[in-house]
Amino acid sequence: MELIYSITVGVMVGCSVFLMLRGHTFSIVMGLTLMSYAVNLFLFASGGLATHEPAILADGSEYSDPLPQALVLTAIVIGFAMTAFALILAIRARADLGNDQVDGRASESDVLANKLEGEKLRQSPEKPSGGKYR
Amino acid sequence: MSLIWVPVLPLLGVLVALILGRFPRSMLALGTAILPAVALGIVISLIPDVFAGNIPTFYAEWVPLLSLNVSFMLDGLGLMFTLLILGIGLLVVLYARYYLSPADNAGRFYASLLLFMTAMLGVVLSANLIQMWFFWELTSVSSFMLISYWSHRSDARKGARMAMTITGAGGLALLAGLLLIGQVVGSYDLRTVLDSGTLIAESSLYPVIVILVLLGAFTKSAQFPFHAWLPQAMAAPTPVSAYLHSATMVKAGIFLMARFYPVLSHTELWFAVVSLVGLTTLLYGAYTALFKHDLKGLLAYSTISHLGLITLLLGLDTELASLAAMFHVINHAVFKASLFMAAGIIDHEAGSRDMRKLNGLFRYMPYTATLAMVAAASMAGVPLLNGFLSKEMLFAESLHQDILGSLSWLIPLLVTVGGALAVAYSLRFIHDVFFNGEPIDLPKTPHEPPVFMRVPVEILVVLCLLVGVFPEFIVGDLLMAVGASLMPTGVPQFSISVWHGFNMPLLMSLLAVLGGIALYKQRKVMFTFQARFVEVDAKMAFEEGVQRVIARAVSLQEWIDNGSFQRYSFWMIVAAGFALGAPLINLAEARGSLPLTGIDPVGLGGALLLIVGSVATLLLSHHRLLALVTVSVVGLVVSMAFAWFSAPDLALTQLSVEVATIILFLLALYFLPQRIGLHHLSPGRIVRDLGIATVLGALVGTLTFAMLSRPVDSISDFFTANAKTGGGGTNVVNVILVDFRGFDTFGEITVLAIAAIGIYKLLAGIRLFAPSADMDGRPWSKDANPMMLMQISQSLLPLALLVSAYIFLRGHNLPGGGFIAGLITAIALIQQYIANGVEWMRDRGDLKFQWFIVCGLSIAFLSGAGSWAFDRPFLTSWFDYFYLPLVGKFELASAMAFDLGVYLTVIGATLSILANLGKLTTGHRPTRPDGGS
């Protein structure tokens, strides 16, 4: 089981690293989320993999290691805060810079894609104005 | 009075000068002078103590572990410099009153001057090496302000920057030297260091220390080849030059050499370096001074030359050389200050400093001319004046040294040549300016200055004469005390008097005077010769160098820090890979000693789901909604994994966070492009990133396996054993969170609060493009709040709140607790927002989520601070059992109050993140069914 667990964590890290190296903010936030899952699993594993032994005190049974669990619990909550912050930062950058590239420069293909999207919106009969700025 | 007041009073004077800046000039000058004058009085009152050998000290501990203390002492050496700094400083204050024009900001001038005075006093009085260095750097900084006082002038700015750069660089070398000394001696206390001469001399670091300390001294004292900044600093107002280049700034380097003379000298290295550098500077400065047409330029190079003379004396290996050096420090300070002031008067009253225009001024200002001539004669070394005495001592000492072995005879010869050059340029100063025909088109008719502008010059010239005629009486005791600082083993017998009989030094003096006169007579020839050299403007050359360095630094920085986040994350990930890989390479085998457990089908299925979900996320990342679905699959399976591996608390937390995260992502996706092109991915980039990702994944996987297959010796047993007895709960994870490691949790909810506030700020005033249709052109549903969802969620709300209360209350003993309960409450409320809309929620009480955060943090803090009332450390917990009828036996614990704080903070943070973002989506929704907005 340990081997499978390790492989799983490794695959998750690999996927998240690839996503974090992309240029679009959304991909990077996705990568961050995956990475925090993987890191939590890794941290959690430092206490060993025990089944049916929760760290709830009862009479004389075996308990799993509570310390990594406590650490991971706060890590999950903090990870949520971090993901949220990164995501809102991405939205803010999109609002201020007009694109969703981390380096603030839109690639040509994106400009093209946006244009196509805009044309589609214009063609849609229900909503000719497309959208507006607030 | 305590010694500490000597540097502190001028520092307070800085404030006085700034406050009085708007008042009339005389009042300002007087007010500025009072505090330094009191300091001078204190020093004078301490003189008998110093002469008697009782060195006054001041000591206060600051950071004793780092050997950083406030420590001052007033020994003979310090006394001499303190008298010069304060005495000449006061004269400069008086002089500047008349020198500065009404347009100048005199308050700022006096403030900088007193700051500089404080810095100098700090250098000479410090008894702690680091403290001394601090003041040393302060002299560089404050002299920068003084030199660049006329900051509208380009030459002033450039000159100041050059002085700052060179002396500052020397200061860094000095710091390195002082730190090495501290390392060798084991203390930064000056007296300890001065007692450890042999320790330092025998250390292998000795040559490095000497070179570093000398670099500091040579840059400050403008020794060749670091002299270039001094002539450029002449762009300062003349009172500044009179102060910086006579008694203070440049003498700081000399002081440094004298300060460490007892411990660092007496070696071949010291004598060779110091004497040769001094000799070169002496000759170079004297020669160049002769050809300067600017009055202050002549004095500047003469200063360099005299500094060289003093350095040379400190580098001679004879008994009295160092004492002669200190004597010359006094003499040079006195006559050079008066000469600079005289030059300033001439500039002020004649409107020019060019000696080709200034001629025959004796007729217009006979009194000033007489004073200047006496001072210049002292500079040349004419008998009955103080300059003569120390120059005679130099001649005498140069005859006794044997530094260059059989070539030692060269030194007296070269010193005599230097003397002759000094006579020549002094003669030029006198003859060219005051005689030699009529002035040539001066901007104004020269006349005598105001009486009090002359007074400082008079005082200094009288001192020149007094010391020159009664040397033993005026400075004998002072020199004795200085000698005690320089030669702790005992001062040799010496006598300073005007007449020593006919001897070699007298002959050398005579030769120097005759040679000087001859040189001056032949000046036309020499000027013609000198004109054939191409003159390099040191300022411009330096500026060019500075610009080149800046350009390089900028291009280097742009190369490293080009603003691309992608590049930074690439390098960070690569670095992380190396940090991870290196220890793994050293690990012999990945698999450890523990036996592996068998594969169970549930675990295998979960692992496969995780792998498939992660890979699918990667592959679908350009199709964002689908990627979001696969990520949520991964998150769900992770929470199931926690449940499977005996971590119910984690499973609950992960599950509720998962819900919040997905809602957040969906909201965000509304504002972000929902699909992106893949054409921008170059194949090279894909291969590179896949390679890195594979390596990182393999590294982390190996690390996980290595960790899982090895036994762990953790501190967890303590928590398991004490959770019930010490924390009063059976859910060990929760007891750790709210009790054992409560302080960590407190920090973590603070981070959560900060993130929420940061997000709140990021969303404030945002201008967003709110699309009205999805990526395929389908308009968003106009039925924002479906009836069914409204009904179900409204009826679910009380139930959800009840569940969260239950989870909260049981948290201490069963899976649950503040984090989980907070998330459940937050999700229940968010559900109301989704189902009923923002307006509906607002009508039913506009919740201020920030208040939740504030209350939560306050409760958590107060529950921890409560233990202070019982004289216990922060967050000491308390619990007991009570009995109520109907309810039965129950437990109350202070940790529950803490958990309540966690609960409220989590609600506040989660809601303020989600609801604030959610509010943005609604403002633009069509309010009427026809699609108008």
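A cavity here is a set of points, on a 1 Å grid over the protein atoms alone, where a 1.4 Å probe fits but cannot get out, whereas a pocket is an open set with protein on both sides within 12 Å along at least five of seven lines. The model is predicted, with local features needing pLDDT of at least 70 and side-chain atom pairs counting only at pLDDT 80 or more, while totals for chains, interfaces and linings use all residues. Residues are numbered from 1 along each chain as its sequence is written.

**Largest cavity**
- The structure holds six cavities of 30 Å³ or more, and the largest cavity has about 110 Å³ of space, a volume being the space filled by probe spheres set on grid points joined across faces, edges and corners.
- Its lining (residues with an atom within 4 Å of a point) consists of 13 residues, with A:Ser36, A:Tyr37, A:Ile76, A:Phe80 and B:Val657 nearest the centre.
- At least two lining residues each come from helix H2 (25–45) and helix H3 (66–97) of chain A and from helix H28 (648–671) of chain B, helices being DSSP runs (H or I, at least four residues) numbered from the N terminus.
- H3(A) gives the largest share of this lining, five residues.

**Second largest pocket**
- About 990 Å³ of space lies in the second largest pocket, and of its 28 lining residues B:Gln232, B:Lys292, B:Tyr301, B:Glu535 and B:Val536 lie nearest the centre.
- Among the chain B elements that give two or more residues to the lining of this pocket are helix H14 (268–290), helix H15 (295–314) and helix H24 (538–560).

Key. Chains are lettered from A and ligands numbered from 1 in the order in which they are written. Side-chain values use heavy atoms; hydrogens and water are left out.
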